[in-house]
2 protein chains.
Amino acid sequence: MADGPAPKRRREEAEAAPGPAAPFPLGSVRLRRLLRDSAREKAAFVHGQVVGPSGEETDAVLILEKTPFQEEKIEELLRTHTGLELQMRNDIYSTAMPENPEIKATVVYPATEKHLQKYLRQEVHLIRETWEDYKSITLPFIQSQSFSIQWVYNILEKKAEADRIIHENPDPCNGFVLVPDLKWNQNQVCLLLLLLKGCCLLRGSTEEMSTFVSLIAC
Amino acid sequence: MADGPAPKRRREEAEAAPGPAAPFPLGSVRLRRLLRDSAREKAAFVHGQVVGPSGEETDAVLILEKTPFQEEKIEELLRTHTGLELQMRNDIYSTAMPENPEIKATVVYPATEKHLQKYLRQEVHLIRETWEDYKSITLPFIQSQSFSIQWVYNILEKKAEADRIIHENPDPCNGFVLVPDLKWNQNQVCLLLLLLKGCCLLRGSTEEMSTFVSLIAC
C-alpha cells in the first residue's frame with residue numbers, strides 16, 4: 001500500500017473503490033495463477049478467486065511471505081535440527097539442508113575473524129573520497145580484507161564441484177569453467193547464479209584470473 | 001563468496017587460508033551471537049563455535065535462510081492451511097497468520113484488475129524521458145493507475161486500526177496520525193514501518209493529504 005502511487009482526493013476516487021470489505025474465506029479460494037514470486041525475499045504473489053454461494057467469482061490477491069527468523073529461537077533451531085544433509089562442499093564453504101525443509105544453511109567452517117567481520121551488522125556511512133584517499137586508505141584496506149580463493153582453485157583443479165560444471169572451455173588462455181554459484185537455491189532457474197572462472201593464471205598466463213557472476217533472468 | 005572482494009593471486013593468499021576444510025558438526029555447535037539478520041530476505045547470519053573432542057573451539061559462520069516458495073506447492077499450501085487467524089483488517093486489505101507459523105499472509109479482497117496488474121511480474125525497461133513525455137504519457141498513466149485510499153480515511157475516522165495508533169496530533173491543520181504499516185511483521189522493531197497520515201483534507205483545509213513512510217533504523 002505505502003509504495004503505491006501518490007494518494008488522490010477522496011471524491012475523485014469514489015468510483016474506483018472496489019466495494020466494501022468482506023472476510024476472506026481462504027478455504028474456498030481457487031488458485032488462478034502465480035502473479036510473481038521473489039526467491040530473494042521468500043514471497044509469492046498469488047491471484048486467487050473466491051467462489052460465492054451462488055457460484056460468482058471474486059478476485060483476490062494473496063501475498064504469502066515466509067516469516068523472518070526470531071533471534072531468541074535460533075539456538076533452539078540449531079539444537080533441534082542437527083541432521084544436516086550435505087549438498088555441496090568446497091574448501092571451507094558448504095551448503096546443507098537441515099531436516100526442516102523450510103530452511104537452507106550455508107556454512108563457513110572453519111571461519112576466520114575476517115569472515116565474522118564480513119557478516120557482522122555494519123553501520124553505513126556516506127563519505128566523499130578523493131583518488132588520493134582511495135589509494136592511501138581504501139585500497140590498502142580492501143587488500144588487507146581479501147579472502148582465500150582456494151575454493152576457486154578447487155573448481156579449476158576438479159577437486160570440488162566437478163559434478164556441478166555446466167560448461168568448460170579448455171582454451172589454453174581464454175578457457176573458463178562455468179558452475180552454479182553457492183547462492184543458487186538449486187531449484188529456481190530464475191535465480192540461477194553462474195560463476196565464470198577464468199583459467200589463465202593456472203595455465204601460466206600473466207593475466208589475472210577473473211571471476212564473474214551472471215544472473216539468468218526469466 | 002561471489003560478492004566478496006576481488007580475488008587475488010594464490011601465492012599472496014596462502015598464509016590467510018584458514019586450513020583444510022572439515023565436515024560441519026551442527027549438533028555440537030554453540031551459538032555465540034547473531035552477527036546480522038535480514039527480515040526482508042528471511043536470513044540470519046550466526047557466529048557459532050564448534051567444540052572439538054579435546055575442548056578446543058573453532059569459529060564458524062552459519063547463514064540460515066528460509067527456503068523460497070515453490071510454485072507447484074502453493075495450491076497444496078492454500079488447501080491445507082485454511083485456518084487463517086486475522087490480525088488486522090482495513091477496507092480491502094488484511095493481514096493474517098495461517099496455522100503454519102512459518103508463513104504470513106496479506107490479502108487484498110476483493111481485488112480489482114489494477115491490483116492484479118500491480119503484483120504481476122513486470123518486464124523492466126530503461127527509458128529516456130523528457131518533461132514533455134512525463135506530462136503527456138507518464139503522468140496520465142500514473143493517474144489512471146491510482147488506487148482507492150479508503151483505507152486512509154478509515155484510519156483517520158477511527159473505523160479501522162484504531163487500536164494500532166501510536167501517536168496522534170489533533171492540530172486542526174498540521175495534525176497527523178502515526179500507525180505501523182501493513183508491511184511491518186509485528187515483532188521486529190528494526191523493520192517498524194510507520195505511516196504518517198496528515199489530516200488537513202478531512203478538516204477542510206485546501207492542502208492535499210499526504211502519506212509518508214518512515215523506517216525505524218536500528
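This note goes through the aromatic pairs and the charges over rings in a predicted model.

1. Basis. In this predicted model, local features need pLDDT of at least 70 and side-chain atom pairs count only at pLDDT 80 or more, whereas totals for chains, interfaces and linings use all residues. Residues are numbered from 1 along each chain as its sequence is written, chains are lettered from A in the order in which they are written, and side-chain values use heavy atoms, with hydrogens and water left out.

2. Chain A. Five helices and ten strands make up the assignment for chain A, these being DSSP runs numbered from the N terminus (helices H or I, at least four residues; strands E, at least two). Of its 218 residues, 41% count as buried, meaning under 20% relative accessible area, with exposed over 50% and partly exposed in between (1.4 Å probe, protein chains only).

3. The pair between chains. Four aromatic pairs are found over all chains, a pair being rings of Phe, Tyr and Trp (its six-membered ring) with centres within 6.5 Å, where planes under 30 degrees apart count as stacked, over 60 as edge-to-face and the rest as tilted. One of them, A:Tyr119 with B:Phe45, is stacked at 5.5 Å centre to centre and 15° between the planes; it runs from helix H3 of chain A to strand E2 of chain B, and both residues are buried.

4. Charges over rings. B:Arg36 lies over the face of B:Phe45, at 4.2 Å from the ring centre, and the charged end of A:Lys114 sits over the ring of A:Phe147, 5.9 Å from its centre; the criterion is NZ of Lys or CZ of Arg within 6 Å of the ring centre and within 35 degrees of the ring normal.
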